[in-house]
Amino acid sequence: MLMETSCCPVTACWTSPCQPPVTMGIPVFILAGLLVHFVFLVSIFDIYFSSPLVHGMTPQQTPLPPPAKRLVLFVADGLRADSLYELDGNNTSHAPYLRGILENNGSWGISHTRVPTESRPGHVALIAGFYEDVSAVAKGWKENPVEFDSVFNESKYTWSWGSPDILPMFAKGATGDHVYTFCYTAESEDFGAQDASKLDTWVFDHVKSFFNSSRSNQTLFSALNEEKVVLFMHLLGIDTNGHAHRPNSREYKENIRKVDEGVKEIASMLESFYGNDGKTAFILTSDHGMTDWGSHGAGHPSETLTPLIVWGAGVNYPQKVTSQFFEDNFLKEWKLENLKRLDVNQADIAPLMASLIGVPFPLNSVGTLPLEYLNNSAHFKAESMFTNAVQVLEQFKVPKLLKGLCGYEIGHVNSRAAFQSLVVESWHVAEEVTGCWGVKLNYAGRASTVGDLCSKY
Ligand SMILES: [Zn+2]
Ligand SMILES: [Zn+2]
């Protein structure tokens, strides 16, 4: 149609004076087309790849004394929930120490991760409590496009050991000099090329010699004995073995056994270093799982279901139950039907860690404190839930104040929904405090103040 007009046939058009004016517009037409596509492309980045993080919130901290002085976080990179919890043909576990912990000393569940099931977003959810800032993709998931708060940043001191791909992102954004990292170099990751579990042995050995060295270093010794201390061990061996040999391989399972032994040794070393003071809380989890063919990144349950075992100061002992309902069949497969399974979303682990050692919840966290993991008074739980609610509300208030009434985005509407459900939840907890009217009334007064605040915004 472009070439044919009512006044002449196509062939004539190119030579006759009645050539249609539309052919003159083709370069303009192409240019306009390119421009429209360019605008569409830019708008995708502008809408979806800009940081959802807000800044300027006031830190919120539970006003009661915390149960633990220090927290030990083990992240077994790429460890699937079923690989840790399942039993082999002889009804024995690949991780006998951790199995013993969840049966006798601590609480357990599945931590549900979100996509992309990659190392960086997984660690950000665990330690900072929010689902990755998508604009980080523009920097290859390596650097922080926008600084964010984390449990490490809120701690008095954090010492961390592991991969150079993970540790620096939490040290870089930290204010002041209190987050320390000990990494093998990226090149020397090759020392794990033959046997990737050596990456984990490296971590355990360095933690042990670090604590040994503190005996002749008074400054370090007293820093280690402070409150609000975090020790983070990032264990890359299982992920590396999973990629190289698949999660059903002997290598992957043998690596789980080595991590189990390492965790046992570190836990016992720390208990004796701190004179069994009962003030250490432990968390073991992973950043993401792995498919049967050794990949991760997508949303298959083998990638999104990760283990969570928590024990020590302030953590609930195993809760015996006669029946519990989950849509999957894991409880039966893992022979854990009678131990209460407490599932969480991955970002809930950040407020859990903050609550155990009594530091402010990370400012950008959208996690909900998983109360059932806590072995504490109803008063402590109510106060913690309330603090969690106010902390989430802060993220809703700040952009509203900055942008005026109409400017807030869908992300903050989500914050509002999270806040409202938290307030309801904290009311339920407060109601448990029967017989303690002072607490209840005080709490009720403050909650209604927040309720007023919420209705204003
Ligand atoms: Zn990973
Ligand atoms: Zn991996």
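User: Is Arg 250 buried or exposed?
Analyst: Arg 250 counts as exposed, at 62% relative accessibility. Keep in mind that this is a predicted model.

User: Which residue does Arg 250 form a salt bridge with?
Analyst: The partner is Glu 251. The closest N and O atoms of the pair are 3.7 Å apart.

User: And how accessible is Glu 251?
Analyst: Glu 251 has a relative accessible area of 26%, so Glu 251 is partly exposed.

User: How many salt bridges are there?
Analyst: The count comes to 11 salt bridges.

User: What does Asp 328 pair with?
Analyst: Asp 328 forms a salt bridge with Arg 341, and their closest N and O atoms are 3.0 Å apart. The pair links distant parts of the chain, 13 residues apart. Asp 328 sits in the loop between β7 (305-312) and α14 (330-333), while Arg 341 sits in the loop between α14 and β8 (344-345).

User: Are those two buried or exposed?
Analyst: Arg 341 is buried, with a relative accessible area of 5%. Asp 328 counts as partly exposed, at 27% relative accessibility.

User: What about Lys 340, which side chain does that one meet in a salt bridge?
Analyst: Lys 340 meets Glu 372, at 2.7 Å from N to O.

User: How accessible are they?
Analyst: Lys 340 is partly exposed, with a relative accessible area of 26%. Glu 372 counts as partly exposed too, at 38% relative accessibility.

User: Which residues do salt bridges with shared partners join into one network?
Analyst: Arg 80, Asp 82 and Asp 292 are joined that way.

User: Switching to helices. How do α6 and α15 cross?
Analyst: The axes of helix α6 (residues 119-128) and helix α15 (residues 349-357) cross at roughly 35 degrees and come within 5 Å.

User: Which residues make the contact?
Analyst: From α6 there are Ala 125, Leu 126, Ile 127 and Ala 128. From α15 there are Ile 349, Ala 350 and Met 353.

Technical notes: Residues numbered from 1 in each chain as written. Chains lettered and ligands numbered in written order. Predicted model: local features only at pLDDT ≥ 70, side-chain atom pairs only at ≥ 80, totals over all residues. Heavy atoms only, no water. Axes fitted to C-alpha atoms, helices over the stretch in contact; angles between N-to-C directions. Helix = DSSP H or I, 4+ residues; strand = E, 2+ residues; numbered from the N terminus. Contact = heavy atoms within 4.5 Å. Salt bridge = Lys/Arg side-chain N within 4 Å of Asp/Glu carboxyl O. Buried < 20%, exposed > 50% of the residue type's maximum accessible area, 1.4 Å probe, protein only.
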